[in-house]
Amino acid sequence: MGDAAVTSALKPIRQKSGVPAMAAAVVTSEGIQFVGAVGVRKRGTEMPVTLAGQWHLGSDGKAMTSTLIARLVERGQLHRDTTLAEVFSDLAPQMDEFKKVTLLHLLSHRAGLPANLSLAQYLGDDVVALRLRAAREELAKNPQHTPGSTFEYSNLDYIIAGAVMERSTGQPWERAVSREVFEPLQMKTAGFGGTGSPGKVEQPWPHKANGEPAPEHGPALDNPPVMGPAGRVHCMIQDWAKFIQDQFKLLDKSRKRSSTLTRATSTATGSCIRQCLAGLESSPSPAGRRTYPTEAGVRRSGVSVLASD
C-alpha cells in the first residue's frame, strides 16, 4: 500500500528477511517524498498492513528525548554541562564518580552507566518516582568505566536523562515530549506503549524472536513505563517522517531552513541530536519487534524503514 516505488522495493526485502511487515518513507527537508507499507499485520493472517499502522519506534525515541532536551537547553531551562550532583543535590552524598557526569554525557552514552536497568524491579505507572528511584539506586553504584571516557550504548543513560529533565522542570517526560515534540510537529498518532486493542488485529502485531506472533497484543505489551525516554514511543510512519524531516531542516545549513523544534545553536547539543539520529542501533521490544533506522545524510535526504519481526 502506498507509492509503488516504495512497495516494489520493500517486497523483495521483506521476503528475504522473513519479517511479517515493513513500512518505509523517503524523506527530505522538503517533506515526505514517497511512503509505502507491505506485508501482514500478524503472521498467519491475511490482514495487510496499511499506512494507518502504528509502529513501535523502540530506541529511535532516544532522538526525541535528545531533541526535547535541546529545546529546553536553548530556552535556558537546562544546561548541557549541568552535573548530576547539581541536579540531584540530595543524592550527591551517595554518589562517587557519577557526581561530575553531565547531561551531555548521558545523551551521548558516555556516563559510565550499564546498558540496562533491571526493569522487572521498576514496574508501575508512577514514572517520575520510578525514574528518580533508578537515579538514586544506580548512581550510588560504581561506574562501569570512567565517566566521559568510553562510549557504551545505554538505555539507562536515557532513563536518568529523563529523570534530570523531570527534576529540573517539574513535569513528566511523557508530558514534556508531547508538548515540545509531538504537538509542534503535529504528530497526532504519537503515543506511548503498545498499539491496538487486545485481541484485535488492527495494528502491526508484536512477534517473538522466533518469528511467531506474541500471544497478546495491546497497550500494555511494551517496555515498562519507566523506559519512556529510552524507547516507548509509537506512531504512524508518516509522523515518524515528520520528525526526521525536522532534523534534516536542522542539519540543512546550506539552504538555511528553519527547524520547527530547535535551531541547535549549541554545537554540542546539535551533535547529540545528530549522533542519536545517525547512530542508534535497532532495539528489540519484549515481543521481538524492532525498528531499523536508516537515515542517510545524502543531500539531507533519507529512507526511514520500520519493520515488525
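Me: Which residues is Met187 in contact with, leaving aside its neighbours within four places in sequence?

Reply: This is a predicted model. In it, Met187 is in contact with Met64, Val181, Phe182, Cys235, Asp239, Trp240, Lys242 and Phe243.

Me: And which members of the largest nonpolar core touch the most other members?

Reply: Met187 is one of them, together with Met64, Leu84, Phe88, Leu106, Trp240 and Phe243, in a core of 63 residues. The largest share of this core comes from helix 6 (residues 155-169), which supplies eight residues.

Me: What lies apart from that core?

Reply: Another core of eight residues does, and its members include Val6, Ala24, Val38 and Val305.

Me: Let us turn to the helices. At what angle do helix 2 and helix 9 pack?

Reply: Helix 2 (residues 61-74) and helix 9 (residues 237-251) pack at about 50 degrees, and their axes are 12 Å apart. Helix 2 is therefore oblique to helix 9.

Me: Is the crossing left-handed or right-handed?

Reply: The crossing of helix 2 and helix 9 is left-handed.

Me: Which residues meet there?

Reply: From helix 2, Ala63, Met64 and Thr67 meet Trp240, Phe243 and Gln247 of helix 9. Of these residues, Met64, Trp240 and Phe243 are also among the contacts of Met187.

Me: Now the strands. How many bridges join strand 1 to strand 2?

Reply: Eight bridges join strand 1 to strand 2 (residues 31-39), and the two strands run antiparallel. A hairpin of two residues connects strand 1 to strand 2, and Ala21 stands opposite Gly39 in strand 2.

Me: How many residues of strand 1 are buried?

Reply: Seven of the eight residues in strand 1 (residues 21-28) are buried, and the strand is mostly covered.

Me: Last topic, the backbone. What is the phi of His109?

Reply: The phi of His109 is near 60 degrees, which is positive in a residue other than glycine. His109 is found in the loop between helix 4 (103-107) and helix 5 (127-138).

Me: Is His109 buried or exposed?

Reply: His109 has a relative accessible area of 4%, so His109 is buried.

Me: And what about the phi of Gln186?

Reply: Gln186 is not a glycine, yet its phi is positive, at about 55 degrees. Gln186 lies in the loop between helix 7 (173-182) and strand 4 (191-192). Its relative accessibility is 49%, so Gln186 counts as partly exposed.

Terms used. Residues numbered from 1 in each chain as written. Predicted model: local features only at pLDDT ≥ 70, side-chain atom pairs only at ≥ 80, totals over all residues. Heavy atoms only, no water. Core = buried A, V, L, I, M, F, W, Y, C linked by side-chain atoms within 4.5 Å. Buried < 20%, exposed > 50% of the residue type's maximum accessible area, 1.4 Å probe, protein only. Helix = DSSP H or I, 4+ residues; strand = E, 2+ residues; numbered from the N terminus. Contact = heavy atoms within 4.5 Å. Pairing = 2+ DSSP bridges. Axes fitted to C-alpha atoms, helices over the stretch in contact; angles between N-to-C directions. Parallel < 35°, antiparallel > 145°, perpendicular 65-115°, else oblique. Left-handed = near helix turned anticlockwise from the far one by under 90°.
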